[in-house]
Amino acid sequence: MTYRLLWVDDEIDLLKAHILFLEKKGYDVDTASNGYDALDMCQKERYDLILLDENMPGLSGLETLARIKDLHPAVPVVMVTKSEEENIMNQAIGAKIADYLIKPVNPTQILLSLKKNIHSREIVSEATQTAYQQNFGRLTMQINDSLTIQDWMEVYKTIVRWELELQDVAGEMKEMLAMQKREANNEFSKFVRKNYMKWMQTLVRHEQDNSRPLMSTDIFKSHVFPALEQGKKVFLVVIDNFRWDQWKTILPEIASVFNIEESMYCSILPTATQYARNAIFSGLMPIEIEAMFPDLWVDEDSEQGKNLNESPMIQTQLERFRKRHTFSYSKVNDSSGAEKLLQQLPSMMNYDLNVVVLNFIDMLSHARTESRMVRELANSEAAYRSITQSWFRHSAASDLFRALAETDCRIVLTTDHGSVRAYNPVKVVGDKNTNTNLRYKLGKNLAYNAREVFEIREPRKAGLPAPNISTAYIFAQNQDFLAYPNNYNYYVQYYRDTFQHGGISMEEMLIPLITLESKKR
């Protein structure tokens, strides 16, 4: 493919050597000696890039630039000029030039600018695919050699990094990575099945055990209480259903105003709001909430909302640990709620701790299941991340973080669980009292293939309530979802390729735990 360039300079005859150099490199170069001729040529031809002098008689470079942008807003324009005046640079940058080069320039500088502005996508794509190909074997070894939860966190971080690197790249590398991710999730599920009940033994007994991961019940003790004891005002921001890749997507939006400490923790099972988020706010496993605060626990078969008692649960945790800190609790479900929260921010600064729950991503996940239009908008993992980034960038959530960057608060940003894209149906038979979640089931008469799920036959040992003496829990793994034999084909077609949570996968269980402090403090 031959790329067409237009070089506009009132001393164009002095640049013949540069033009010959570019033509030998395969570029087709047209020239103009003034802005008016350049505009006439732009009306007749389409150029891939324009090189533009600033100091020309008649129509200046900046004036020519503005008119070119009216004709072809997307064409990259590189300013090539003797001017080192700061106001000229500012005006050019403000007009969204692609590059600014100071004369005298050498041919290599011009070529570098062309590569950056015309060929960068192909160069980056090729380099990224080559880098991933070279690291394919290393990632495979990393998956096979993972023996601890920290190893698996590093595997997941590596996979997400490559997902982000390859998301704009066409070709087989993305499918190779998807294959590796499936394999990693298979091995991670085996790891969880082998170790989860061991973790629960110490967690339910409230024993210190360095071999188990930081989990849902630990968040206040590990990240909130220590900051409060240091005299910090703390904002605990919980974005419901927020994955590590989504965190990496919004990270650039706030990186300029915060010092950021990244970590992960492991959600308890089920990876669902009723269990995982209540465990965060209470500092207790679900069975302990049911026993100690029965008025705060809501059973699976209740029609009452499962997350209506979060503020009282926070209060119980503060009281149990004899913390006298004042706190507020806010849940944001829509833009008007977010705007109201922003207005209340000055008064919130009177509290030691402010807990904020943002529900957009969970709402998006459910809407994607129920709406064909939303499923089209978020038809891939990359699109799902992109919508998350767009929401954050253009919502009051971004305004909230920027407002907090003006304070001396410590922000703990986390979630209760993530979600996984479910593809593979696993048949389960249950009675009418069986819960409806597609990634976990509990009941007394469940029929299933034990090799296809992770089963917990003694829920109390896993810190889970047991409505009946024979109640069992089962959890879907990797990209599976639990389907009933009744009306099976319709059920599978409706729920395949939807984002679900409740079961075992890296996406659901290995989730962000981020500490933010303003760079201005």
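Glu508 sits in helix 20, which spans residues 506-509. In this predicted model, Glu508 has 0% relative accessibility and so counts as buried.

**Glu508 and its surroundings**
- The side chain of Glu508 makes a polar contact of 3.5 Å with the side chain of Thr271.
- Beyond four places in sequence, Glu508 touches residues including Ser267, Thr271, His417 and Arg439.
- Gly418, Ser419 and Val420 are also among the residues that Glu508 touches.
- Further contacts of Glu508 include Gln500, His501, Gly502 and Gly503.

**Cis peptide bonds**
- Most peptide bonds are trans.
- The bond from Lys103 to Pro104 is cis, with omega near -5°.
- Pro104 lies in the loop between strand 5 (99-102) and helix 5 (107-117).
- Leu269 and Pro270 are also joined by a cis peptide bond, with omega about -10°.
- Pro270 belongs to the loop between strand 7 (258-266) and helix 11 (273-282).

- Most residues other than glycine have a negative phi.
- Asn241 has a positive phi, near 65°.
- The loop between strand 6 (234-239) and helix 10 (244-254) holds Asn241.
- Asn241 is buried, because its relative accessible area is 0%, and buried means under 20%.
- Asp497 has a positive phi, near 65°.
- Asp497 is placed in the loop between helix 19 (488-495) and strand 18 (498-500).
- With a relative accessible area of 19%, Asp497 is buried, since the cut-off is under 20%.

Terms used: Residues are numbered from 1 along each chain as its sequence is written. This is a predicted model: local features need pLDDT of at least 70, side-chain atom pairs count only at pLDDT 80 or more; totals for chains, interfaces and linings use all residues. Side-chain values use heavy atoms; hydrogens and water are left out. Helices (H or I, at least four residues) and strands (E, at least two) are DSSP runs, numbered from the N terminus. Buried means under 20% relative accessible area, exposed over 50%, partly exposed in between (1.4 Å probe, protein chains only). A polar contact is a pair of N or O atoms within 3.5 Å; within protein, one must be able to donate a hydrogen and the other to accept it, and residues adjacent in sequence count only if both atoms are side-chain atoms. Contact means heavy atoms within 4.5 Å.
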